[in-house]
Amino acid sequence: MNIRRGIPRQNAARVAGIAVVLLMLAACGAPTPAAPTPVPLTGTYSASGGGGALPAVQALTARFRELNPGVTWIVSESGSNSAIKLVVSNTIDVGSVSRALTDAEKAQVTGISIGFSGTAVVVNSANPVTNLSKEQIRQIYTGEVTSWSELGGIEPTIRAYIREPNAATRQTFEAFVFGASVPAYGKNVIQQTEVEAMLAAVNSFHGAIGIASTGSRTASDKRVKMLSIDGVAPTQENIVTGAYKIVRPLAVIYSNTAEMKPAIRAFFDFVRSAEGQRIAAAAF
């Protein structure tokens with residue numbers, strides 16, 4: 001008697017089911033592991049640069065810290081030229097400039113636009129003059145006009161102040177007032193090397209005139225007032241539209257060669273974002 005042995009029908013069905021499952025798993029590949037949870041950004045970082053960009057940098061770093069509580073910032077003003085050197089030497093994490101980068105500088109650093117700033121002509125808050133023409137400003141700084149009485153004011157003496165040669169405020173001022181000509185300052189023009197020193201100097205003498213970045217810092221300083229030029233006030237709206245003529249671009253910068261820290265990379269991504277650009281625009 002021949003007995004045919006085989007797999008019981010129920011066992012055969014079970015085996016077939018397992019085989020199907022194995023085939024499906026093989027077709028899909030190994031299961032993908034879950035993505036690791038992002039490591040929170042932490043650490044203390046430095047940002048420094050031109051005074052014109054300072055309000056935007058302060059606003060951007062403050063918001064970035066809100067989004068990343070483990071991050072701390074040390075923000076300072078050092079000037080655009082110094083910021084480029086500090087970034088290239090890896091002394092600071094984020095630089096800021098309040099002027100256009102030269103071709104040579106672009107080979108060393110990359111800039112991300114954060115808007116525009118203006119250079120304001122400022123006078124003592126007690127000065128009744130509210131507007132000067134471009135030509136009148138030139139005459140003041142060349143020494144051709146020496147009394148406010150010639151310009152609708154009451155002070156008998158004009159004391160003119162200017163920033164140091166590498167200051168972005170001075171460079172844009174000279175480009176506007178003197179154009180392609182070599183600046184010819186009068187012998188009595190006095191140089192100031194810091195924003196606060198400039199504002200304090202203008203405050204110290206009723207007949208003083210100087211230059212400073214437009215924006216909330218200068219506008220809120222009760223010691224001085226910003227003048228209109230050729231009837232156009234140095235408001236942010238006039239700067240953006242181009243109606244106000246003494247304007248310079250603002251940017252945050254990073255080194256083209258140094259390795260970027262994760263938190264700094266995230267910060268620059270934030271600056272490029274729609275929120276970051278809105279914050280920068282609103283800072284002035």
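Student: By class, how many nonpolar, polar and charged residues are in the lining of the largest cavity?

Tutor: Six nonpolar, two polar and three charged. This is a predicted model, where local features need pLDDT of at least 70, side-chain atom pairs count only at pLDDT 80 or more, and totals for chains, interfaces and linings use all residues. Residues are numbered from 1 along each chain as its sequence is written, and side-chain values use heavy atoms, with hydrogens and water left out.

Student: Which residues line the largest cavity?

Tutor: Among them are Val87, Asp93, Tyr254, Glu259 and Lys261.

Student: And how much space lies in there?

Tutor: About 130 Å³.

Student: OK, new topic. Which residues have the most contacts inside the largest nonpolar core?

Tutor: Leu132, Ile137, Ile140, Tyr141, Trp148, Phe173 and Ile209, in a core of 36 residues. A nonpolar core here is a set of buried (under 20% relative accessible area, 1.4 Å probe, protein chains only) Ala, Val, Leu, Ile, Met, Phe, Trp, Tyr and Cys residues joined through side-chain atoms within 4.5 Å.

Student: Which helix gives the most to this core?

Tutor: Helix 7, with five residues. There's also a second, separate core of 26 residues, including Trp73 and Phe268.

Student: What about confidence, what does the chain average?

Tutor: A pLDDT (the predictor's confidence in each residue, from 0 to 100) of 89, and 87% of the residues score at least 70. Over residues 1–8, though, pLDDT is below 50, and it stays under 50 over residues 15–31.

Methods: Buried means under 20% relative accessible area, exposed over 50%, partly exposed in between (1.4 Å probe, protein chains only). Helices (H or I, at least four residues) and strands (E, at least two) are DSSP runs, numbered from the N terminus. On a 1 Å grid over the protein atoms alone, a cavity is a set of points where a 1.4 Å probe fits but cannot get out, and a pocket is an open set with protein on both sides within 12 Å along at least five of seven lines; lining residues have an atom within 4 Å of a point. Grid points are joined across faces, edges and corners, and a volume is the space filled by probe spheres set on the points. Ala, Val, Leu, Ile, Met, Phe, Trp, Tyr, Cys and Pro count as nonpolar, Asp, Glu, Lys and Arg as charged, and the others, Gly among them, as polar. Contact means heavy atoms within 4.5 Å.
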